[in-house]
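Please look through the sequence and the model below before reading on.

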Amino acid sequence: RWVAELLSGNATAMRHPGKAHIFHSDDSASGGSSGVFSRFFRRLPLPPARCLAVATGLVSLLAIVFICLFAVAIRRGADNGSLELTDICLTEPDCLSVAAAAARRMNTSSEPCSDFYSFACGGDGTAGNVPAEMELGARRKLASSLRSGGGGGGGNPAWERKLRRFYARCEENFDTPSYIGDNPLLAAMRAAGVGEFLLNQSSSAAGGLGGFSRTFQAVSGRFFAHSLFATRAVYSDFLHRRGSDRRYAIWVGMNSRSDAMYVRHEKELYRSLIKDVAGMLLRDAAMTNQTARVETFANDVLYVEEQLLLTHEAVLQHASLPEQPADHPANLAKISDLTDRISSYFDFRAYLAEIYQPGLVIRNDTQVLVTDWYYVDQLRDLLDSMRRGSPTDFNRKMNNYLTWTLIAFFQWDLSGEYRLRFAAYRRIVWPSNGLTIGVDGGSGGDDAATDCLETVRWGMNQALSALFVRNNFEPGAKARAGALFEKMRRAAKDSINRLVWMDNETKRRAKQRLADMVEKTGYPDEAWDDSYLDAEFRQIDPSTHSYFSLIVSCINYWKTRQARLLTQTYNPLDFQHWGQLWEPGLRYLAYDRELLAQAGALQVPLFPSAGLPQLLAYSGAASMMAHEILQSFDITSHAYEAQRTSGWWSDATISEYRKRTACIMDLFKSERNQHQRLLLSNWTAREMAAVSSARAQFDAHRLQGGRPDKRLPLLHLTEDQMFYVFYMQKFCHKRGASGLAVRRASRGADWRRGLGGKFHDSDGFKHSDGDDALLILSRALANTVLSNAPGFAKAFGCPAGNVHSCSLY
C-alpha cells in the first residue's frame, strides 16, 4: 500500500494541496530531487500534451526502477537482519534456546575477520561446544526418563522395567555405608583366590607361579577387569567378510596406563590412597592390627605400576607409527603361537576360555589378534626380571597388584565409601576429570545421576539407546537425515569429478567407495522391537540380586555378547553395531565403510525439525556428514587400505596430494610431532572441503523456492554469517576449566582421610597433548582456514585471503 501511495503522489497532492509528496514542485517542501524533476518538466520545449506523454513515460520508467530498487532493498534488509517479525521464529522454544545458546558462546566485540574463533567461541566461557552440550542434554533427558515411573511397572515391556530398576538399584547403592562384615568384594576375592596376601589366604602364597596364574585368570577372565592385557572381541571386515571361511579372533594388546602416569607426580598421595582402601577392606574383613600388611600391599602395587609404566612407555616409543592396523592379517596368531612366546606365565587357552565360555570353544589353533608382538616380548622380559629376584616375592607382588586392579575396577559399584576415596584422589591429581559435567550440573564422578547413568549404559547399552529413541527422537527426522546424506554423497561425487590432481582410475575407485558406503541413520529397527530387547537382556535380573551381584551378572552378559559377536555373521544394521544412540557425533567406520549418524546427532541444533531454520542442518549435521564421507576416499582411507592389502591411489595422485597439503602442514608448525602434524593437516583438508560442500548445498536449498525458512532471532547476523558461526561452534572449547576443577576438588575435603590432606593447584598439570592439538586445530580452522575462504570473506566483508588455494577437494 505504501508503494502504491508513493507512486500516486501527484494525484494525492492535487487532492490535498497542502501535503508535500515526492513529486511536489516545492524544493523546500519535498527535497531537492523533487524540484529538479519539476523544473526539468517546465523547461522542456514541448507542447503540454507532449510534455504530459513524456512525463507519463518517465514516471512509468521511474516506477519500474523504484520497484526493482525496493526489492533489492528488501533483500538487503533481510541479509542485514531487518526483517518483519513474522519472518523470525519468536514462539518456538527450540528456536529461542538455540539462539540464546549461540549468543552465549559468541563474543561479538571480537573482529570476525581477524579472530573468528574468539568471535564465535569467546563468550562467557560457561558453554562448551555444541556436541558436548547436546550430549549433556541427552544425558539429562535419559536420567529423567529413568527416574520417571519408578520401577517401570504397568504396561512397560520387560527390558524397560529392568532398565529402570537397574538405575534405581544404583542410586540406592550410591550413598550406602560400607558392607561391614558382609563385603561382597571380599567374598568374591576369596572365592576366586584373589588377594591371597592381603586377606591372609596363604594357601598358595609361596606356591611359585600357580597363585599368580590363577589370580590373573580370575581377575581378567571371570571379572573382566583388564590387567596386563586388554582382551576383547573383534568383528572387523577382515573377519566377518570372509564368506564361507568363518573364523573368529580375539584381540590381545596393551592396556591403557592413563592412571599410572600420575604415580610419578603424586607417588605418596597414590600410596596413601592404596593404604586407605586396603585398610578399609581389612577392617570389613574383621582383620585388625594389619599395619605392616597394608604397607607391604601399597609398596607391591606401586612397584608393579611403575614397572608397567616403564614398559608401556618403551612400547609406545617403539610403536608411535604402526606399520599396519591392529587387525592386519600379519598380526594374526594362533593361541599356540602366543603360548610359545610367553607360556611360562599364562595359560592363554584357559584364560580366554574363562572369558568366552560357553559361547566359544577355545582351541590351540584359535586365531588371536596381537596388536604388538613387541609389547608381548617386553612384558615377558619384565616378568622374567621380577621373578629372578625371588619367585615368592614375585608371586606376592603380582597377586597384590591384581587384587588392587580388581578393587579399582569395582570401586564405583561396591559402596559410596570406597567410591568417594577414589573420586577425591582423581579430582586432586587428574583435573581434566573435573571437566566432565554431571547430568545434574555437578562435576562428573561424584553425583548419582552421572555415575548411575554410566553404569546402566555399560550394562544395558542397547536398552538405554532404545529408551532415548522412543522418548526423544522425532519420527520424521530419520527420513530427512537420509535425504540430507544423499545430497552430501552427490556433492562428494561432484567434487571427485572436478579434481584435477586425481587421475581417472583413482577417481573411479573413489566413486566406487562412495557408492559402497553403508548409511546408518538414526536407529536400527530393533530399537522398537520389544521381543528382541527382552530376549537380549533376559539374563539380567536386578530385582533378585544384590547390587554387586547385579554388576557381575552384567559382566557375564557382556562376555556372552562378545562371544556372540565373534561367531555370528556380521550385519551392519544389527543393533549390536550402532553404539550409543544418544551420542551427537557422526563417524565413518573405515573397517566396514559405514557412515553412522546416530539419533543423538539428529537433534536440535545440529539437525533441526522441519519448522526450524535449515541453515542449522547444513552448518551442523551436513558439514559433519561431508567430513566423514570425504574420509571414505581421502588419503587416510588410502593409507588404511595400503596397510591392509594394497593401496588404491596411484603414485602420481599421492605425489600431487602431498604437494597440495604442504601449505596446510605449515599451519601446524608449532606441533613438534611430525605424525601429529600429518594427522592435523589431513583432518583440516577434509574439513575445508566439508564446510565448502555444506555451504554450497545450503545455497542450493535457498534457491529451491517455496516457503523460505524462518530466521533465528539473531538480527545482527545475516543468514550467511549465522551459517559460519553455527558451523564453528561445533569446535568451541570451554574456558577456565582448570580453576573449575580446583574448586570442585575442594568438595572432596570431607573424604580426604588417607589422602594426606593435600590438594594441588591443577595449573601444575598441563592439559593433555590431545587437548592441545584440538585447540590448535580449532583455532587454525577458524582463523586461518575458514576466515580466508571466499564465502566467509564475502559474508563478513573481509579482505579475501589465499589459504583457500590449499583446498584439495
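## About the model

This is a predicted model, in which local features need pLDDT of at least 70 and side-chain atom pairs count only at pLDDT 80 or more, while totals for chains, interfaces and linings use all residues. Residues are numbered from 1 along each chain as its sequence is written, and side-chain values use heavy atoms, with hydrogens and water left out.

## The largest nonpolar core

A nonpolar core is a set of buried Ala, Val, Leu, Ile, Met, Phe, Trp, Tyr and Cys residues joined through side-chain atoms within 4.5 Å. Here buried means under 20% relative accessible area, exposed means over 50%, and partly exposed lies in between, using a 1.4 Å probe and protein chains only. The largest such core has 204 residues, and the members that touch the most others are Phe116, Leu228, Phe229, Phe346, Trp404, Met728 and Tyr809. Its largest share, eleven residues, comes from helix α28, residues 615-631; helices (H or I, at least four residues) and strands (E, at least two) are DSSP runs numbered from the N terminus. As a general background, nonpolar side chains tend to be buried together in soluble globular proteins.

Contact means heavy atoms within 4.5 Å. Once residues up to four places away in sequence are set aside, Met728 touches Phe116, Tyr117, Ala120, Cys121, Ser778, Leu781, Ala782 and Leu786. Phe116 and Met728 are both among the core members that touch the most others.

Helix α33, residues 719-728, is mostly covered, with nine of its ten residues buried. These buried residues are Glu719, Gln721, Met722, Phe723, Tyr724, Val725, Phe726, Tyr727 and Met728.

## Two pairs of packed helices

Two packed helices are described by the angle between their axes and the distance between the axes. Axes are lines fitted to C-alpha atoms, for helices over the stretch in contact, and angles run from 0 to 180 degrees between N-to-C directions. Angles under 35 degrees count as roughly parallel, over 145 as roughly antiparallel, 65 to 115 as roughly perpendicular and the rest as oblique.

The axes of helix α8 (residues 130-147) and helix α23 (residues 461-472) come within 10 Å and cross at roughly 95°, and these helices are therefore roughly perpendicular to each other. In this contact, Ala138, Lys141, Leu142, Ser145 and Leu146 of α8 meet Leu464, Leu467, Phe468, Asn471 and Asn472 of α23. By class, the contact of α8 with α23 has six nonpolar, three polar and one charged residues, where Ala, Val, Leu, Ile, Met, Phe, Trp, Tyr, Cys and Pro count as nonpolar, Asp, Glu, Lys and Arg as charged, and the others, Gly among them, as polar.

Helix α24 (residues 477-498) and helix α25 (residues 504-516) pack at an angle of about 175°, with their axes 10 Å apart, which makes α24 roughly antiparallel to α25. Arg489, Ala492, Lys493, Ile496 and Asn497 of α24 make the contact with Lys507, Ala510, Lys511, Leu514 and Ala515 of α25. The residues of this contact divide into five nonpolar, one polar and four charged.

## Salt bridges

A salt bridge is a side-chain nitrogen of Lys or Arg within 4 Å of a carboxyl oxygen of Asp or Glu, and a search of the whole structure finds 37 of them. In one of these, Glu295 pairs with Lys275, the closest N and O atoms being 2.9 Å apart. This pair links distant parts of the chain, 20 residues apart, with Glu295 in helix α15 (residues 291-318) and Lys275 in helix α14 (residues 267-284). Glu295 counts as partly exposed at 29% relative accessibility, and Lys275 counts as partly exposed at 30%.

Asp720 forms a salt bridge with Arg702, with the closest N and O atoms 2.7 Å apart. Asp720 lies in helix α33 and Arg702 in helix α32 (residues 674-702), 18 residues apart. Salt bridges that share partners join Arg695, Asp699, Arg702, Glu719 and Asp720 into one network.

Thr215 lies in helix α11, residues 210-222, and is buried, with a relative accessible area of 0%. Thr215 and Asn400 are 185 residues apart in sequence and 9.5 Å apart in space, C-alpha to C-alpha.

Ala448 is in helix α22, residues 448-459, and counts as buried at 18% relative accessibility. Leaving aside residues up to four places away in sequence, Ala448 touches Glu171, Phe174 and Leu453.
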